[in-house]
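Keep the model open as you read.

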Amino acid sequence: MTIRLVHQTDLFRPYSDPDDHWDLACVYALAASGQPELGGVLVDFPTDDPSRS
């Protein structure tokens with residue numbers, strides 16, 4: 001049975017939260033190994049206005 005994975009992340013540019021990049025790299029490595037099937041990556045872009053976060 002194939003497990004389909006959808007990864008959700010909030011990648012900051014410029015990055016201020018390096019674990020987001022680590023998580024994405026790990027998910028990609030798992031998908032490349034054939035364990036889960038990577039169905040997609042959802043990226044939540046944060047607002048440019050720091051007062052609204």
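Q: How many salt bridges does a search of the whole structure find?
A: This is a predicted model. A pair counts when a side-chain nitrogen of Lys or Arg lies within 4 Å of a carboxyl oxygen of Asp or Glu. Searching the whole structure on that basis gives one salt bridge.

Q: Which residue forms a salt bridge with E37, and how far apart are the closest N and O atoms?
A: The pair joins distant parts of the chain, 33 residues apart. E37 sits in strand 2 and its partner in strand 1. The partner is R4, and the closest N and O atoms are 2.6 Å apart.

Q: Is R4 buried or exposed?
A: Exposed means over 50% relative accessible area. R4 has 58% relative accessibility, so R4 counts as exposed.

Q: Is H7 buried or exposed?
A: H7 is found in strand 1, residues 3-9. The cut-off for burial is under 20% relative accessible area. H7 has 12%, so H7 is buried.

Q: Which residues does H7 contact, leaving aside neighbours within four places in sequence?
A: Contact here means heavy atoms within 4.5 Å. With those neighbours set aside, H7 touches D23, L24, V27, G40, V41 and L42.

Q: Which residues does L42 touch, not counting those up to four places away in sequence?
A: L42 lies in strand 2, residues 36-43. H7, in strand 1, is one of the residues L42 touches.

Note on methods:
Residues numbered from 1 in each chain as written. Predicted model: local features only at pLDDT ≥ 70, side-chain atom pairs only at ≥ 80, totals over all residues. Heavy atoms only, no water. Helix = DSSP H or I, 4+ residues; strand = E, 2+ residues; numbered from the N terminus. Buried < 20%, exposed > 50% of the residue type's maximum accessible area, 1.4 Å probe, protein only.
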